[in-house]
Amino acid sequence: MALMEMHHVAPVIRVRNVHKSFQNSNKMFKALTDVSLDILPGQIVGLIGASGSGKSTMLRHLAGLTTADLTDNSVTVLGRNVQSAGVIDRNIRTTRANIGFIFQQFNIVNRLSVLSNVLVGSLGRIPSWRGTAGWFTTAERMQALESLARVDMENFALQKASTLSGGQQQRVAIARALMQGAEVILADEPIASLDPISARNVMEILARINREDGRTVVVSLHQVDFALRYCERIVALKRGVVVFDGSSAAITSEMLHDIYGEKFSETCMEEKTFTSNQSICIPLEGTGMRAPESAGAMVS
Ligand SMILES: Nc1ncnc2c1ncn2[C@@H]1O[C@H](COP(=O)(O)OP(=O)(O)OP(=O)(O)O)[C@@H](O)[C@H]1O
Ligand SMILES: [Mg+2]
């Protein structure tokens, strides 16, 4: 996209001045403080930050699954109001139909077949009686198979979902979001429960649907190396405050130390490969992953 054009592109996700407080045993706790963001169509954004920094809370606000404090704030997605001043929009269902939400724990229906799990993605746009009766058209079944093919799972269509590995289940969850026709995909630590190979596989699929379809992806990740490798833009939260928002190429290890504090070493596989002015992250053994070029030389 030409730079000139960029200024005229309406953000697909627009967050303004969001504050979120929780009442924890009579004490108010601020989970998000004055968060504002614009995410442009087709971006893939990595949401990073230590445990408890507010990543899940942030993503839940974007989907209208949590309300912000009753201050002057707003969240819009695809030009539609999700919530403003702490009140969820009355037409949130319409907006949510365009938002795919991928969870760490896969969220697929174990007793159903893989294909049926994907067909669930169409429930937002077909009459509810058809969904209840499990009556899907041939075209819908074909589309579900195509969605499965995009995540390399078409050969599992008739298998019961409970028999799949975690990585396979997560791919089915992505196929369901494709079936749903989600223009925006929010993924909350989609790879946290996966082994490195499956994790890479799932991230590659998310990156591919972002690149090929232009779907906007916001993905929270514990592993910084995955975020830097797959996301062009990083938003970092620290105790509910956005402390970095920019190109992943601009992230330095000093910044990561600041973002994660003492927990920094937990965010990568091998701490010993970090030095303050050298590589940020290391290749994951056996996965063929590389740290981004901009991160500088890698330490062997
Ligand atoms: N429903 C809730 N009630 C009270 N406090 C909450 C609630 N949900 C989240 N919090 C608090 O808000 C803060 C942010 O939580 P959140 O789950 O968004 O963090 P996170 O960055 O996703 O962490 P993790 O990496 O562990 O998933 C935490 O301190 C958490 O305890
Ligand atoms: Mg979380």
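A: In this predicted model, five strands make up an open sheet in the order 2-1-4-5-6, paired in the antiparallel sense. The edges are taken by strand 2 (27-39) and strand 6 (87-88); each has a single partner strand, so one side of each is left without a neighbour in the sheet.

Strand 1 pairs with strand 4 (residues 74-77) in the antiparallel sense, over four bridges. One position that can be followed across the sheet is Thr 76 in strand 4, which has Arg 14 opposite. Thr 76 also stands opposite Asn 81 in strand 5. Strand 4 and strand 5 are themselves joined by four bridges, again antiparallel. Two residues lie between these strands in their hairpin, where Leu 78 takes a positive phi near 55°.

From strand 5 (residues 80-84) the sheet goes on to strand 6, with two bridges in the antiparallel sense. Here Ser 84 is opposite Val 87 of strand 6. In general, strands of a sheet pair through backbone hydrogen bonds, either parallel or antiparallel.

Helix 2 gives the most, with three residues. The residues around ligand 1 are Phe 22, Asn 24, Ala 31, Gly 49, Ser 51, Gly 52, Ser 53, Gly 54, Lys 55, Ser 56 and Thr 57. By class, the shell has eight polar residues, two nonpolar and one charged.

Strand 10 (residues 233-238) and strand 11 (residues 241-247) pair over six bridges. Lys 238 has Val 241 in strand 11 as its bridge partner. The hairpin of strand 10 and strand 11 has two residues between the strands, and Arg 239 takes a positive phi near 45° in it.

As for helices, helix 7 (residues 166-180) has 15 residues and spans 21 Å from its first C-alpha to its last, close to the 21 Å expected at 1.5 Å a residue. Of those 15 residues, 14 are buried, and helix 7 is mostly covered.

Key:
Residues are numbered from 1 along each chain as its sequence is written. Chains are lettered from A and ligands numbered from 1 in the order in which they are written. This is a predicted model: local features need pLDDT of at least 70, side-chain atom pairs count only at pLDDT 80 or more; totals for chains, interfaces and linings use all residues. Two strands pair if DSSP finds at least two bridges between them. The expected span of a helix is 1.5 Å times one less than its number of residues. A residue is buried if 20 or more other C-beta atoms lie within 10 Å of its own, exposed if 12 or fewer, and partly exposed in between; C-beta atoms are placed from the backbone. A residue is near a molecule or strand if its C-beta atom, placed from the backbone, lies within 6 Å of it. Ala, Val, Leu, Ile, Met, Phe, Trp, Tyr, Cys and Pro count as nonpolar, Asp, Glu, Lys and Arg as charged, and the others, Gly among them, as polar.
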